Amino acid sequence: MVVQAGLSRAEPTGEQLAAEIEAIEEQPRHDHDPFDLIVRMGHVQALARRLDREDLWQRSRLIEADMLGRQGDLPAAGRILHDVHAWAAAHRHPRLLTLSHWHLSMLFGQLGDPTSTLEHAVRAMESMNAMTPPASTMLRTRCVMGLADAYGDTGDFLAARARYAEAERLAAGPLEIQFRLVILNNLAYTECQAGEYTAATSAAERLLGLFEEHGLTPDDSTRDTIAKVWVATGHLTEAIAMLTPSDEAYDNEYEEANSVASCLVTLAEAYRRAGRLDRAAAALRRCRDLCAERGLASVDVDAQRVGADLLASAGRFEEAFRAHQDFHDATMRLHSAQRDARARILAVMYETEEARELAMRDPLTGLYNRRFVDTELPVLLQRAAESGTPVSVALLDLDHFKRINDTCSHEAGDRVLRQVAEMLTARAQMIDAAFGARLGGEEFLFVMPGVDGRDAVEEMTRLCQTIRRHDWRPITGDLPVTTSIGVSISPYGHGTAADMLREADTYLYQSKAGGRDRIVSAHGAGAGGPVPAGE
């Protein structure tokens with residue numbers, strides 16, 4: 001467990017910290033107080049950093065993002081989710097990929113984007129199936145439920161029904177009762193949305209039976225779902241009895257206020273259908289006051305719809321007509337506001353990645369820069385060491401480049417650098433996961449994962465020849481453009497990035513000293529063409 005300052009000097013091991021994080025991940029998200037858990041994750045993140053456990057740091061950030069989303073800070077949650085997902089994808093971390101896809105599916109559901117919600121739910125399932133060891137029953141159930149909800153949101157009720165059935169089978173084991181309650185609640189709601197009221201009633205009755213069996217009291221969200229089913233099936237007395245507590249008080253938390261407001265809309269509809277119009281009007285007034293206080297725009301629009309129907313039920317048809325017009329106008333404004341909000345949040349999510357990408361690029365050539373190399377090369381070597389695959393790096397330095405700048409102009413020199421960058425990019429496209437970088441001036445780096453020994457030398461010999469044989473006359477006139485290259489090879493991904501670059505630099509110096517326009521490595525050398533005059 002996490003040991004906070006002042007309580008003990010002992011700190012958990014990486015395994016203990018991982019166990020604590022997993023215990024939080026496996027619990028229902030509403031079991032936690034968002035503020036307390038965000039503070040707790042701050043301590044976990046500090047410990048993960050001290051333990052040099054980047055994976056645990058990223059997992060704790062997912063929990064933090066989930067709690068921020070529950071507090072309504074979707075931009076901050078989205079930015080964290082996007083960053084963690086990018087790290088998980090780059091490091092091929094199945095558990096983090098599963099969790100980040102699942103959380104992104106939830107986020108896009110809140111943003112009203114059913115297509116993205118479904119896409120991430122499907123990806124979460126795919127990543128979960130690739131986990132080794134296999135995912136826990138809890139995580140599998142969560143992913144199946146997320147996919148069922150996503151299918152329901154897109155109107156694919158047949159697929160949703162199949163996934164809810166699968167989730168129920170998984171939850172029949174030793175899962176927390178909360179998961180089983182959520183499955184039945186969402187199933188009842190989806191069946192009601194599909195117009196399958198018999199199936200919705202069955203799910204609602206089973207849900208109530210589960211609450212009674214375990215001596216639990218339904219929360220506002222669950223009572224609203226059950227009441228919607230009762231209203232749709234004409235069981236108005238039962239619906240009113242189910243929702244009456246929401247007409248008396250509400251909690252101060254944002255999510256509770258949202259649930260209570262929704263309950264009040266359903267209660268007003270039940271009263272209206274039962275002919276108790278004064279009670280319906282009173283419930284709507286309380287609902288709209290709560291919506292105005294808490295900014296619950298979507299619930300308020302639904303309340304306007306019920307209010308227009310209430311006026312019609314009272315025979316006030318002109319007022320009802322105007323209220324329906326106001327309802328449709330409010331619906332259009334809500335959809336526009338939701339689109340704007342979605343665009344703002346997506347901009348926040350992706351602007352960090354765009355800024356990072358720009359910061360990792362050389363502005364002249366578009367190649368990666370030294371910052372990218374310092375960040376990514378150690379990760380690449382670690383992956384190679386784990387899989388026992390080779391990595392080769394080559395340092396390239398253009399020969400007599402100062403003479404090109406002095407004789408032809410710095411603009412011509414820049415054109416040469418950009419052209420060489422295009423050649424590096426073209427060569428990288430022929431080698432899986434290879435990339436080029438400009439380290440500064442006329443010095444470049446070429447990284448070749450999975451390439452070993454003489455293959456690396458042969459690749460660089462081809463590049464050396466491509467540069468030499470290119471028609472440079474439109475840029476440099478009679479001055480040739482050639483390059484000297486030093487290649488360092490790690491057969492099994494062993495060694496540090498600094499060691500490999502240092503070795504490549506040594507071979508580059510030998511290439512320069514040996515006449516330039518050539519490749520030197522521990523695995524052989526590639527001869528150059530005609531040796532140009534000295535500087």
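## A predicted chain of 535 residues

Of the 535 residues in the chain, 49% count as buried, where buried means under 20% relative accessible area, exposed means over 50% and partly exposed lies in between, with a 1.4 Å probe and protein chains only. This is a predicted model, in which local features need pLDDT of at least 70 and side-chain atom pairs count only at pLDDT 80 or more, while totals for chains, interfaces and linings use all residues. Residues are numbered from 1 along each chain as its sequence is written, and side-chain values use heavy atoms, with hydrogens and water left out.

**Overall form**

- The chain has 22 helices and six strands, which are DSSP runs numbered from the N terminus (helices are H or I with at least four residues, strands are E with at least two).
- The radius of gyration is 31 Å, well over the 24 Å that the globule rule gives for 535 residues, so the chain is more spread out than a compact globule; this radius is taken over C-alpha atoms, and the rule is 2.2 Å times the number of residues to the power 0.38.
- The C-alpha trace spans about 100 × 55 × 50 Å along its principal axes.
- Among contacts with a separation of 6 or more, 65% are between residues 24 or more positions apart, a contact meaning heavy atoms within 4.5 Å.

**Nonpolar cores**

- A nonpolar core is a set of buried Ala, Val, Leu, Ile, Met, Phe, Trp, Tyr and Cys residues joined through side-chain atoms within 4.5 Å.
- The largest such core has 60 residues, of which Leu-17 and Leu-107 touch the most other members, and helix H7 (residues 137–153) gives the most to this core, with nine residues.
- Apart from its neighbours within four places in sequence, Leu-107 is in contact with Leu-74, Gly-78, Leu-81 and Met-349.
- A second, separate core of 38 residues includes Ala-200, Ala-227, Val-265 and Leu-310.
- As background, nonpolar side chains in soluble globular proteins tend to be buried together.

- Ser-60 is found in helix H3 (residues 54–70) and is buried, with a relative accessible area of 0%; not counting residues up to four places away in sequence, Ser-60 touches Met-41, Val-44 and Gln-45.
- Thr-496 lies in the loop between strand S4 (483–490) and helix H22 (497–513), where Thr-496 counts as partly exposed at 41% relative accessibility; its C-alpha atom is 8.8 Å from that of Gln-382, although Thr-496 and Gln-382 are 114 residues apart in sequence.
- Phe-321 belongs to helix H16 (residues 317–359) and counts as exposed at 52% relative accessibility, with its C-alpha atom separated by 7.3 Å from that of Ala-308, 13 residues away along the chain.

**Backbone details**

- Most residues other than glycine have a negative phi, and most peptide bonds are trans.
- A cis peptide bond, with omega about 0 degrees, joins Thr-132 and Pro-133, and Pro-133 has its place in the loop between helix H6 (114–129) and H7.
- Ala-433, in the loop between helix H19 (410–428) and strand S2 (435–440), has a phi near 70 degrees, a positive value in a residue other than glycine.
- Arg-516 likewise has a positive phi near 70 degrees; Arg-516 is found in the loop between H22 and strand S5 (519–521) and counts as buried at 16% relative accessibility.
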